[in-house]
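Subject: Structure handover

Hi,

Here is the structure I promised to pass along. Have a look at it first, and then read on for what turned up in the side chains.

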Amino acid sequence: MADILLEPVVLGDNIHLRNRICMGSMTRNRCIDNSKPTDASIKHYVSRAQDGPGLIIAEGTFISPHGAEWPHAPVMYNQEHADAWSKVTSAVHEVGGKIFFQPWHPGRIQNENMPMLKEAGAPVHAPSKVPAKGGKFRTLEGTPGYTHNITEIDDPSSIVEQFRHSSALAQQAGFDGIELLSQGGYLLHNFLCSHANLRIDQYGGSAENRCRFPLEVLDSIIEVWGPRVVGIKICPPDDYNDSAISYEELTETYTYYIKELMRRDLAFINLSRRGCQVGRETDAYFRSQPRPEGKELPSGYEPWSQFGHLIKYPGSRTMLMVNHEYTPEEARDLIKQAKIDLVTFARPFIYNPDLVSRIKSGLPFAMNDRGGRVNYGPFQDPNENYNDWPLHEKNQFHSQQAVS
């Protein structure tokens, strides 16, 4: 019987995907050429694209100078950045892959003493002057955590324009579409969360007002790209970067938000279940923590179970993608039940360059046996823990056969 995960599908109106398996966005800190992708980046994306995922979402890319804890994460705000990324997209296309851009603004999850932000003299922008709890800045002395020196955004339209400009550059760079990042405790998510957004203007207070800025950003991207090559990544139960909210607020905010997203006829909504207790972790670097008091979730909570009907219904043209610790077996079952359309694997793609081939052959995924440094470094060479992961021995044999 054919594997439903491996069925080709059409995303949007005419983006033909080889299968339903997507490689998720992952910050890796390998853009060591002034925050531009390098030959190592090209090799990484091409090696995964060659193995055949339906869609690759490129690592989150900052739309302006930043002070986040990723010194070699990419940026996209001038032509030289687009030119560097065009080498990645061209190489991915040459091996039959599809790749989306992910614009990113870190919001309050920054420190003004990080080198790029300090050199640029740019402020840490957020909806309100509410510092986030926690924060690690390994490249700064001591333990400064996230900044308390926040500049409240006076004119949100100026930030909307940064997103629009970055997304236009991504189009020039040859990306196939856009996935807007609206989770993780970053800027768009800051506006959504009532504890991070204390504004009393049209951007704060009610769920409608708190969703206004993210929707304005999304609309600016749609103006450039059109809706049918645009998706958005959201995580109602998120607990990352001081983002956890109560179940009551989660329900109110995301019911309104998703209904508004669906009015825009997007290509997909990527729904994450980070913050849920899923009973497994594929990487010891990331450990689920108990949710704060007053922000507990119902037992066995799954976002697709609560919100899936708002996305998948007769006549809907928007696909439902899911992510965070899914197994191929789970994904197959949900697709067969018509609950979801696409599944994203992220960290498993780090240590499984042949992840799609493993699924095709029924082989187990390799696990990370090298520790947390594989995600962000440090490293002596950017290829280290990036382009040096072995294929499964059976896939190595088939690869050698193909070469000979």
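A charge counts as sitting over a ring if NZ of Lys or CZ of Arg is within 6 Å of the ring centre and within 35 degrees of the ring normal. One thing to keep in mind throughout is that this is a predicted model.

With that cut-off in hand, go to Tyr326: the charged end of Arg273 sits over its ring, 3.6 Å from the centre. Another case is Arg370, which lies over the face of Trp389 at 3.7 Å from the ring centre.

Now the salt bridges. Side chains of opposite charge can pair when their charged atoms come close. The count here comes to 24 salt bridges. The one I'd open up to begin with is Asp3 with Arg332, where N to O is 2.9 Å. Asp3 lies in the segment before strand 1 (9-11) and Arg332 belongs to helix 10 (residues 328-336), so this pair ties together parts that are 329 residues apart in sequence. Both Asp3 and Arg332 are buried.

Two other bridges pair side chains with unlike surroundings, so here they are one by one, with buried meaning under 20% relative accessible area and exposed over 50%:

- Asp33 and Lys36 form a salt bridge at 3.7 Å, N to O. Asp33 is partly exposed because its relative accessibility is 36%, while Lys36, at 11%, counts as buried.
- Glu260 and Arg263 form a salt bridge at 2.9 Å, N to O. Glu260 has 14% relative accessibility and so counts as buried, whereas Arg263 reaches 63% and counts as exposed.

There is also a network: Asp13, Arg228, Asp265 and Arg317 are joined into one by salt bridges that share partners.

On to the cysteines. Cys211 counts as buried, at 0% relative accessibility. Cys31 is buried as well, with a relative accessible area of 1%.

Last, the aromatics. Searching the whole structure gives 17 aromatic pairs. In one of them, Phe62 and Trp104, the ring centres are 4.2 Å apart and the planes are at 20 degrees, so the pair is stacked. This pair links distant parts of the chain, with Phe62 in strand 5 (residues 61-62) and Trp104 in strand 7 (residues 103-104), 42 residues apart. Phe62 is buried at 0% relative accessibility, and Trp104 is buried at 4%.

Is the pair of Phe137 and Tyr146 stacked or edge-to-face? Their planes are at 90 degrees, with the centres 5.9 Å apart, so the pair is edge-to-face. Phe137 is buried, with a relative accessible area of 4%, and Tyr146 is buried with 11%.

Cheers

Methods: Residues numbered from 1 in each chain as written. Predicted model: local features only at pLDDT ≥ 70, side-chain atom pairs only at ≥ 80, totals over all residues. Heavy atoms only, no water. Salt bridge = Lys/Arg side-chain N within 4 Å of Asp/Glu carboxyl O. Helix = DSSP H or I, 4+ residues; strand = E, 2+ residues; numbered from the N terminus. Buried < 20%, exposed > 50% of the residue type's maximum accessible area, 1.4 Å probe, protein only. Phe/Tyr/Trp six-rings, centres within 6.5 Å; stacked < 30°, edge-to-face > 60°.
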